[in-house]
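Reader: Could we go through the charged side chains of this protein together? Please start with the terms.

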Amino acid sequence: MDGRGQRVRPATGEDHAAIARIERAAGEMFRGTAMEPIADDEPPTPRDLERFVAADGARICEIDGVPKAYVLVEELDDAAHVEQVSVDPEVAGRRIGARLLDVAADWARARGLLRLTLTTFVEIPWNAPHYRRLGFVDLSPERQGPQLAARLREEAAHGLDRWPRTPMARPVEPLSASRTDRGR
């Protein structure tokens with residue numbers, strides 16, 4: 001537990017209801033935007049969560065004992081791929097998402113992986129612009145591994161390509177708070 005009442009712990013299958021609640025709350029941020037259909041996307045299924053739990057790639061951030069954020073990470077190509085990181089909007093702005101990305105970097109480092117990857121929407125302020133401030137850079141097609149390229153095709157098949165998306169990567173080294181606070 002840190003001084004802000006936050007604790008990050010491994011998720012279990014029993015956390016599915018909390019993860020679904022967090023995901024639905026985070027999705028509400030898309031209401032009133034051109035991307036409103038995203039608000040109605042389904043959260044990870046119990047089977048999806050179990051796959052990440054079995055690979056030790058699911059973490060929950062609790063605040064005062066209540067789950068408020070989560071990250072799902074898996075190995076794709078030569079990287080730790082952040083499949084999802086979601087924060088309940090009622091606790092946004094506390095660097096919880098950035099902390100979970102550093103937890104994902106620790107997961108990667110423990111497996112000898114050198115970078116984090118993710119896919120995200122280009123034009124939403126809390127997506128690609130936010131990740132750029134946290135050290136992520138856009139990946140051109142020639143810098144994507146075959147599994148990441150396949151993931152992008154899967155996302156397109158589910159309709160996510162209706163809005164501009166980009167794959168991104170950053171080294172696993174966590175960024176200092178001072179660097180990310182300056183927006184570099």
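This is a predicted model: local features need pLDDT of at least 70, side-chain atom pairs count only at pLDDT 80 or more; totals for chains, interfaces and linings use all residues.

Author: A polar contact is a pair of N or O atoms within 3.5 Å; within protein, one must be able to donate a hydrogen and the other to accept it, and residues adjacent in sequence count only if both atoms are side-chain atoms. Residues are numbered from 1 along each chain as its sequence is written, and side-chain values use heavy atoms, with hydrogens and water left out.

Reader: Which side chain does the side chain of R170 make a polar contact with?

Author: The partner is the side chain of D102, at 2.8 Å.

Reader: Is R170 buried or exposed?

Author: R170 is buried (under 20% relative accessible area; exposed is over 50%, partly exposed in between, with a 1.4 Å probe and protein chains only), its own value being 3%.

Reader: How many salt bridges does the structure hold?

Author: There are 21, each a side-chain nitrogen of Lys or Arg within 4 Å of a carboxyl oxygen of Asp or Glu. One of them pairs D15 with R9, with the closest N and O atoms 2.7 Å apart. D15 is buried at 7%, and R9 is buried at 15%.

Reader: What about R59 and D56?

Author: Their side chains form a salt bridge at 3.3 Å, N to O. R59 is buried at 16%, whereas D56 is partly exposed at 34%.

Reader: What is the mean pLDDT?

Author: The mean is 89, and 92% of residues reach 70 or more. Over residues 176-184, however, pLDDT stays under 50.

How values were computed: pLDDT is the predictor's confidence in each residue, from 0 to 100. Contact means heavy atoms within 4.5 Å.
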